[in-house]
Amino acid sequence: MANLDIAGMRKPYKGKQEVFDVGDLVAKEPFGQFTAWFEEAKNTDGIMEANAMAIATATKDGKPSVRMVLMKGIDKKGIVFYTNYGSRKAQELEENPFASLLFYLSTNSETSTISRQIRIEGRVERVSEAESTQYFHSRPRTSQMGAVVSQQSTLIKNREELDKRNQELLDKYEGNDIPIPKPDYWGGFRVVPNRFEFWQGQTNRLHDRIVFRKPEEGEKVDPNFTHTGEEGWVYERLMP
Ligand SMILES: Cc1cc2nc3c(=O)[nH]c(=O)nc-3n(C[C@H](O)[C@H](O)[C@H](O)COP(=O)(O)O)c2cc1C
């Protein structure tokens, strides 16, 4: 294998990173803070898909797996993404309904420097059929067909076979107004967070980490470290 010189990889930040401390939070609960960082990333040219997030799941006996998905909704109830309910991730979520999400928001151009990570953890539930159906029909028809054609995470002989299945659907649905029914094996999951971590990279490597979490029942927090936020959240700083 070629020598990739990974150990020596280092790109200096072009802009200055703002120090991020508890006093800089735009909200005393995590959804407001998330929205502020997300909006900034979304409006930054160098960030291709700010809504792309890694989601880690695990089997019942704790073997993890991770992949990217697209966040398609967020409100105080949680973060929604859509997938195939027969896929590996969905099967793992059925047997172990907890997930960890990761957004990596990074750009280092002449005009903008962002170096952030947001980690979110929580319980996962299916969104209602009505919500999935409504979202399904809001997608472009080609995406709807993609969802129908792919039995995600199962084996297929070759690419040709996949193209053939796709063409059959195109012939059936393209060029006319027949609605494409949402397959019952496709829909959304909602991650209901109990922990958010906002990580802000710093040039001097003393990165900032602010955690919002829901305290354990009966937990007594130490006010020297832990601040009482809004809507049942507390927040605190971790060392980098
Ligand atoms: C940027 C990006 C976005 C993706 N978005 C989705 C998505 O929203 N839903 C989805 O099912 N797969 C999405 N995928 C594909 C998944 O990463 C993965 O290959 C697929 O869901 C099968 O994963 P699994 O076998 O672990 O279930 C995306 C991949 C990338 C790179």
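The shell around the ligand divides into 4 nonpolar, 4 polar and 4 charged residues; here Ala, Val, Leu, Ile, Met, Phe, Trp, Tyr, Cys and Pro count as nonpolar, Asp, Glu, Lys and Arg as charged, and the others, Gly among them, as polar. The model is predicted, so that local features need pLDDT of at least 70 and side-chain atom pairs count only at pLDDT 80 or more, while totals for chains, interfaces and linings use all residues. Residues are numbered from 1 along each chain as its sequence is written, and side-chain values use heavy atoms, with hydrogens and water left out.

**Stop 1: the ligand**

Select Glu49, Arg67, Met68, Val69, Leu70, Tyr82, Thr83, Ser87, Arg88, Lys89, Gln152 and Ser153, the residues around the ligand; each has a heavy atom within 4 Å of the molecule. Now colour β2 (64-70), β4 (78-84) and α2 (88-95), each of which supplies at least two residues of this shell. The largest contribution comes from β2, with 4 residues. Helices (H or I, at least four residues) and strands (E, at least two) are DSSP runs numbered from the N terminus.

Next, display the polar contacts, which are pairs of N or O atoms within 3.5 Å; within protein, one atom must be able to donate a hydrogen and the other to accept it, and residues adjacent in sequence count only if both atoms are side-chain atoms. A polar backbone atom of Met68 is 2.7 Å from an oxygen atom of the ligand. A backbone N or O atom of Leu70 lies 3.0 Å from a ligand oxygen atom. For Ser87, a polar side-chain atom lies 3.4 Å from an oxygen atom of the ligand. On its own the ligand has 620 Å² of accessible area, and the protein covers 64% of that area. Accessible areas come from the Shrake-Rupley method with a 1.4 Å probe, and for residues only the protein chains shown count as cover.

**Stop 2: Asn84**

Select Asn84, which is in strand β4. Is Asn84 buried or exposed? Asn84 counts as buried, because its relative accessibility is 5%; buried means under 20% relative accessible area, exposed over 50%, and partly exposed in between (1.4 Å probe, protein chains only). The Asn84 side chain reaches the backbone nitrogen of Gly86 at 2.7 Å and the backbone oxygen of Ser150 at 3.1 Å. Apart from neighbours within four places in sequence, Asn84 is in contact (heavy atoms within 4.5 Å) with Ala90, Ser150, Gln151, Gln152, Tyr185 and Trp186.

**Stop 3**

Move to Ser132 in helix α3 (residues 129-138). This residue is buried, with a relative accessible area of 0%. Not counting residues up to four places away in sequence, Ser132 touches Tyr82, Tyr85, Val127, Lys182, Trp186, Gly187 and Gly188. Draw a distance from Ser132 to Gly32: the two are 100 residues apart in sequence and 25 Å apart in space, C-alpha to C-alpha.

Then select helix α4 (residues 141-149), where Gln144, Met145, Ala147, Val148 and Val149 are buried. What do the buried residues of α4 pack against? Their partners are α3, α5 (159-173) and β7 (186-200).

**Stop 4**

Most residues other than glycine have a negative phi. Select Asp5, in the segment before α1 (30-42); Asp5 is not a glycine, yet has a positive phi of about 45°. Continue to Glu231, in the loop between β9 (226-228) and β10 (234-238). The phi of Glu231 is positive as well, near 55°. Glu231 counts as partly exposed, at 49% relative accessibility.

**Stop 5: the annotated spans and the whole protein**

Colour residues 47-165, where UniProt places "domain: Pyridoxamine 5'-phosphate oxidase N-terminal" (unreviewed entry). UniProt positions are given in the numbering used here, feature names are shortened, and annotations may be inferred rather than shown by experiment. The end C-alpha atoms of residues 47-165 lie 34 Å apart, and the span is 29% helix and 41% strand. For residues 186-240 the end C-alpha atoms lie 39 Å apart, with 0% helix and 53% strand.

Finally, zoom out to the protein, which has 5 helices and 10 strands. Its C-alpha trace spans about 65 × 50 × 35 Å along the principal axes. Of the 240 residues, 40% are buried.
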